[in-house]
Amino acid sequence: MVEDSVIELIEIDYSYQSAKIFDKLNFTLKKGDKVGLMGPNGAGKSTMLRLIMGLIKPDSGRLIVFGSERCREEDFLEVRKQTGFVFQDPDDQLFCSTVAEDIAFGPLNLGASQEEAEAVVLTNLQLFGLMELRDRAIYRLSGGEKRLAALAGVMAMSPCVLLLDEPTAALDQFNTKKLIRILNDIDLTCLIVSHDKDFLQSTCNCIYWLEHGLSVIWYKPSLMNSLA
Amino acid sequence: MFHEPFTEGESFLHNTDPRVKIIVALVFAIIVAMSGEPIVLGLAGLFVLLCFMLVKVDTTILVKRLLIVNLFIAFLSATLPFTTPGQTVVTFSVFNITKEGLELGATIFLKSNLVVMTSLFLLSTSSIFTLAHALHHLHVPGRLVQLLFFTFRYLHVIYLEYIKLTEAMKLRCFKAQTNWYTYRTLACMMGNLILKSYDRAERIYQAMLCRGFYGVFPTFYHFRLTRTDKVFGVFCSVFFLAMAALSFLW
């Protein structure tokens, strides 16, 4: 096991409907790392995040998260408590009636009291500049607002690790900048999947390129220009 | 997420404890369904009127909802006079309209409207999320509550996917006609709809798991049993007892 590692994928094999996505994939995310993940469509970027969360199970290989090997559904309950995963499509994630209720969903599931939940909701509304949308019905939010609300809902669980799946999709420049500022202000280990090179360069310490699900080669931000 | 127009607004019934409302609506529905005496139905009508006065809802939406319900009941009420055996009132060639049939049709029409209206006033004024939580408090088995919540949630998902698909079809100049091409296209759309909704439903459930969902719906806006709730509950109990007694004695 690599020292200081939060997430470690060792020789992971994964196929989806007879198509091999990962063939002996190795990947390590260390504490405090802010890692970007780029790659062509269908390379398995989202699949990797879902494997880490235990939403899908690998065919073979070992998955070590927070120092323990995770295999069964129960093993992942602990992982999910401490890992914030923001889905690609915020519509998959938001399902309460109002923004405030949705932000409170996670903390209440983790056993927060009413007062604690209210405090968390307030902090996160402020952090994401959503104060005015507190009691707005979810179906009345714009695409960008939904994205921020989904992020706020995940941040409300005070995760140690943040997994973001294309967080800048549907965000305008103003909101993208806001997101960059928030991500740079918080002291979290992050793994961010995105096609937006500029966004990754301004938020991550290093960027990985995933292709054919075979291997992960890393690029330092300074080398990124040669990638394009 | 989903549009629940009646949950918006402020009124006596909006603020009533959802647990009380669920019980009241359930007992009302049972009594009305079990009895057919005019006096009991009259009292039930009075109760619906009372609820209507205690609630503030958009009457246009209310009428629209009732129209949808009555579309189904209309079929039933229209066929029952012909199919129920009994004393003939009018004869159309081979078809006889019977007195019993007319009465039965009218009773079903009346009863269903009464029950639907009370449910709209009492239950639709709370969000489905709050109702799910209230059902937990009433010790309804967790699996049943989840079933109810997800049925509602996924119906909405299917509806949204349907809108997206039909829009995409319109944008590519699809026009429904009476030919095989249209049938084929619509069949493809239905197939796609089911697959896409299934996938999305899966993702929603996974997103809930990722946020620590363990089968219980937590609520952010907590409800407390207030004095007003108790008074409302006691009043309804007395009213319903009177209805039940009348129906028994009649």
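This is a predicted model: local features need pLDDT of at least 70, side-chain atom pairs count only at pLDDT 80 or more; totals for chains, interfaces and linings use all residues.
Local features need pLDDT of at least 70 and side-chain atom pairs count only at pLDDT 80 or more, while totals for chains, interfaces and linings use all residues. Residues are numbered from 1 along each chain as its sequence is written, chains are lettered from A and ligands numbered from 1 in the order in which they are written, and side-chain values use heavy atoms, with hydrogens and water left out.

Start with the largest pocket, which holds about 1,100 Å³ of space. A pocket here is an open set of points on a 1 Å grid over the protein atoms alone, where a 1.4 Å probe fits, with protein on both sides within 12 Å along at least five of seven lines; lining residues have an atom within 4 Å of a point. The volume is the space filled by probe spheres set on the points, which are joined across faces, edges and corners. Of the 35 lining residues, Glu4(B), Arg65(B), Ser124(B), Ile128(B) and Phe152(B) are the closest to the centre.

Now look at where chain B meets chain A. The contact (heavy atoms within 4.5 Å) takes 27 residues from chain B and 37 residues from chain A. Four salt bridges cross this interface, each a side-chain nitrogen of Lys or Arg within 4 Å of a carboxyl oxygen of Asp or Glu. Asp92(A) and Arg200(B) form a salt bridge, with their closest N and O atoms 3.1 Å apart.
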